[in-house]
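Colleague: I have the model open and would like to go through a few parts of it with you. Could you take me through some helices and their packing?

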Amino acid sequence: MTATDLARLSAGELLRLYRRKAASPVEATRACLERIERFNDQVGAYCLVDGEGALEAARASEARWLEGRPRGLIDGVPTSIKDLSLVKGWPTRRGSRTGDGAAPETVDSPPVARLREQGAVLLGKTTTPEFGWKGVTDNPRGDVARNPWDTSRTAGGSSGGAAVAAALGMGALHTGSDGGGSIRMPAGFTGVVGIKPSFGRVPTWPHSPFGTVSHIGPMTRTVADTALMLTVLAGRDARDWHALPGDGRDYRVGLEDGVRGLRIAASADLGYAEVDPEIRGAFEEAVGTLVELGAIVERADPGFSSPRDMFCRHWFSAAAHLGRGLAPEQRAMLDPGLLEIMEEGERVSAADLYELQAQRTDLGMQAQLFFERYDLLVTPTLPLLAFEAGLEVPDRQRYARWIDWSPFSYPFNLTQQPAASVPCGFSKGGLPIGLHVVGPRYADGLVLQAARAFEAARPQPMPEAPRRRDG
């Protein structure tokens, strides 16, 4: 077995090898670091790499495995952290020049603490747009996360760096955050798996400036690894008063139970979205697969109109609040698009926010009533294919902001429901397409169960190396 082979294995496969002493955490970590060194300049997945620290942690893990005393569920598994979370000993720059000179953190955020407690080997931090504000991943620091299937295309965002790292074997487990689709959109564009768990499932601190639409979740190459990672991340942390009570659930239990007999609503457009014909075709094939697997599938839209304006007022006003904490010289450093939405958010009044909360409550009720009739909802993850890297939108005539090309993701941030993206095919040009699986609040396990059933029926390859397509 070569070092490169180890880097392309899932966390579950690595752990089985460690248990048999057929491979070691040091070998796996070196393999991942080697891929980072080979590919990162091409794809911009990592903004910080701590090779020395990772190898030190891997050696400690190797010693534990040799003694037959692994620390936890993911001891020795190479893992990355999105650069919006605090990691003790590393700076947190959040993709911003305003973070230049940031001192190393003195504490871990809750997700990082849980990963470290379970033995994860932390490789480094993955790239984010500035403060995670948009659905693609480029920032004023000069970082651009590029799609490994075609490096001229975007990887999506804001967890674009994590998605690229997952796809290319630059680590097995990766944290993402999702305030409007930031796990699912890059997962869909790059062909990996990601879940936005129910709000509060994964504790976080400090809280996102974008408030109660923001969730932390896993991004991996397989649904089984996603379930394993969610098991580690979930639970209570006293620093997060929104966190759900920890019930000790193992999300791998029941993962193989399939979809036979489940009532699944299928909506190609939620009743209002414009969808690329290739993506609609791939979605119809995916629905056919679910029927073949025994699901009871009905064509049904959730029944709400587009909540775009509701989401924008929430997002833009939160950005404005973030901007108030910056000095004038810092604001001058910002991504121009972020500065624009900050200025738009300044026009949202307190009365507007109260009205927004009332509208959001009504949306949540409509969604909850819909899921009284159905166990799950499936849609495309995205309505379009990955477009040119470095752009917020592919066409300014059609889209004002990234929110306009992500109609399937942000509604379920507003409603705080679990939702996952699993790959469901490729375009004629070889770009990944994602299937979006949405469940009622707190049905994270059911979402993963359905994603796993689909994955098992329709496995999809990962790229061996970054590629660029001409024409």
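Colleague: What span should the 19 residues of helix 3 have at 1.5 Å a residue, and how far apart are its end C-alpha atoms?
Modeller: Helix 3 (residues 25–43) should span 27 Å, and its end C-alpha atoms lie 25 Å apart, which agrees; the expected span is 1.5 Å times one less than the number of residues. Helices (H or I, at least four residues) and strands (E, at least two) are DSSP runs, numbered from the N terminus. This is a predicted model, in which local features need pLDDT of at least 70 and side-chain atom pairs count only at pLDDT 80 or more, whereas totals for chains, interfaces and linings use all residues. Residues are numbered from 1 along each chain as its sequence is written, and side-chain values use heavy atoms, with hydrogens and water left out.

Colleague: Where does helix 3 bend?
Modeller: Helix 3 bends by about 40° at Glu37, the bend being the angle between axes fitted to the seven residues ending there and the seven starting there. Just after helix 3, Gly44 has a positive phi of about 65°.

Colleague: Switching to helix 12, which of its residues are buried?
Modeller: In helix 12 (residues 336–345), the buried residues are Gly337, Leu338, Ile341, Met342 and Gly345, where buried means under 20% relative accessible area, exposed over 50%, and partly exposed in between (1.4 Å probe, protein chains only). Seen down the axis of helix 12, these residues fall within an arc of 140°, so they line one face of the helix; the arc is that of the directions from the helix axis to the C-beta atoms.

Colleague: What do they pack against?
Modeller: The buried residues of helix 12 pack against helix 10 (308–324) and helix 11 (328–331), contact meaning heavy atoms within 4.5 Å. At the start of helix 12, a side-chain oxygen of Asp335 comes to within 2.9 Å of the backbone nitrogen of Gly337.

Colleague: And Arg331, what does that touch?
Modeller: Arg331, which is in helix 11, touches Gly323, Arg324, Leu326, Leu339 and Met342, leaving out residues up to four places away in sequence. At 22% relative accessibility, Arg331 counts as partly exposed, and a polar atom of its side chain lies 3.2 Å from the backbone oxygen of Gly323.

Colleague: Last one: is Thr79 buried or exposed?
Modeller: Thr79, in strand 2 (residues 78–82), is buried, because its relative accessible area is 0%. A polar atom of the Thr79 side chain lies 2.9 Å from the backbone oxygen of Val77.

Terms used: Polar contact = N/O pair within 3.5 Å; in protein donor to acceptor, adjacent residues only side chain to side chain.
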